[in-house]
Amino acid sequence: MSDYLNIAIIALVGLVQASLQLNLGGLILLYHASIGKHRRRKTRYLAKSYIWGAMAINFLAVCASCFIIDRIFSGVMDTKWILITIGALLGCGIIMWIFYYKSGSGTQTWLPRSFTRYIRRRARETNDNISAFSLGLLSAFGEMPLSLALYVVAGNAILLTSDKYQVLAAIFYAILTAMPMVVLKLRIKSGSNVVAAQRWRSKNKRFTRVISGFGFMILGWFILTYWVL
Amino acid sequence: MRKRVSYEYDREGIKQHVMRTAKSAGVPEGWAAQIAERVAKRTDAWIRDKDLVTEGDLRKVIAKELDKIAPDIAFAYKNHDKII
């Protein structure tokens, strides 16, 4: 199979992961807390550290996934496990449609209230780059139940690409997952504010939910077509 | 049953909270301070003849006053705990 096709699968996985909302929500919380008490420049550094944190855990998780797949299957996953992963992707798609957002106004996600309270508190207490980096790690980690299947697919696709492109593919994946946060950062730098971003999220939450759900399903169909059939 | 806790009315705390919210909506410092002062005056007037109020009622009064001044700040105030 060509490298282009595997890179396309990695790109699709990255985009589906980018459509998950916890990382972006965490960044909005960080902006909200930081703009009120710090200078703009410090807020910019905190946001940058947060994005690096989220990218770092996605990069490390996909590398870990590559390592585990390589150890267990001595190369790439066999058909039975690919089918199980496709099932998990379809399940995640349905979960996105039905359970991802809590009912009511706002963009509260399925996460337990104690966990979201903890992230809110951490965002309020974040005053240095290390804390912001850790908050980025934590918020990406919080979405792990949904992103686990994505890491497996990305890991397998990376192992299927040529050796010389594997590290680049993992970096490409990590960058793609951070795109919504980078766009938000650029929007704020160019004069917009977090309230406008949150308003957009609230107004379009049904749209983002449908897109994410379809993303999982299309990814499942894509790998069924190219890896199994 | 959850234990009820009561606090003293904290005018300064309300002002600080409104100021932080206003600044996160992109409002300059001086203007944010004016908005916070106006909201605090409104809550002072509302609470004057009451012995005990709930936090929810106080938040509603603040949100209503912010809605009159700047809907963006009111949105941020009302939705701060509904972001994730």
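**Entry 1, A:G155.** I looked up A:G155 and found it in helix α7 of chain A, residues 144-160, where helices are DSSP runs of H or I of at least four residues and strands are runs of E of at least two, numbered from the N terminus. I note that the model is predicted, that local features need pLDDT of at least 70 and side-chain atom pairs pLDDT 80 or more, and that totals for chains, interfaces and linings use all residues. Residues are numbered from 1 along each chain as its sequence is written, and chains are lettered from A and ligands numbered from 1 in the order in which they are written.

I list A:G155 as buried because 26 other C-beta atoms lie within 10 Å (buried means 20 or more such atoms, exposed 12 or fewer, partly exposed in between, with C-beta atoms placed from the backbone). Leaving out residues up to four places away in sequence, I find that A:G155 touches A:V62, A:S65, A:C66 and A:I69 (contact means C-beta atoms, placed from the backbone, within 7 Å). I also checked A:I10, which is 145 residues from A:G155 in sequence but 8.6 Å away in space, C-alpha to C-alpha.

**Entry 2, the contact of chains A and B.** I see 24 residues of chain A and 15 residues of chain B in the contact. On the side of chain A that touches chain B, α2 (22-35), α5 (113-125) and α10 (194-203) give two or more residues each, and α2(A) gives the largest share, eight residues.

I find four helices and zero strands in chain B, and its C-alpha trace spans about 40 × 30 × 20 Å along the principal axes. Buried residues make up 29% of its 84 residues.
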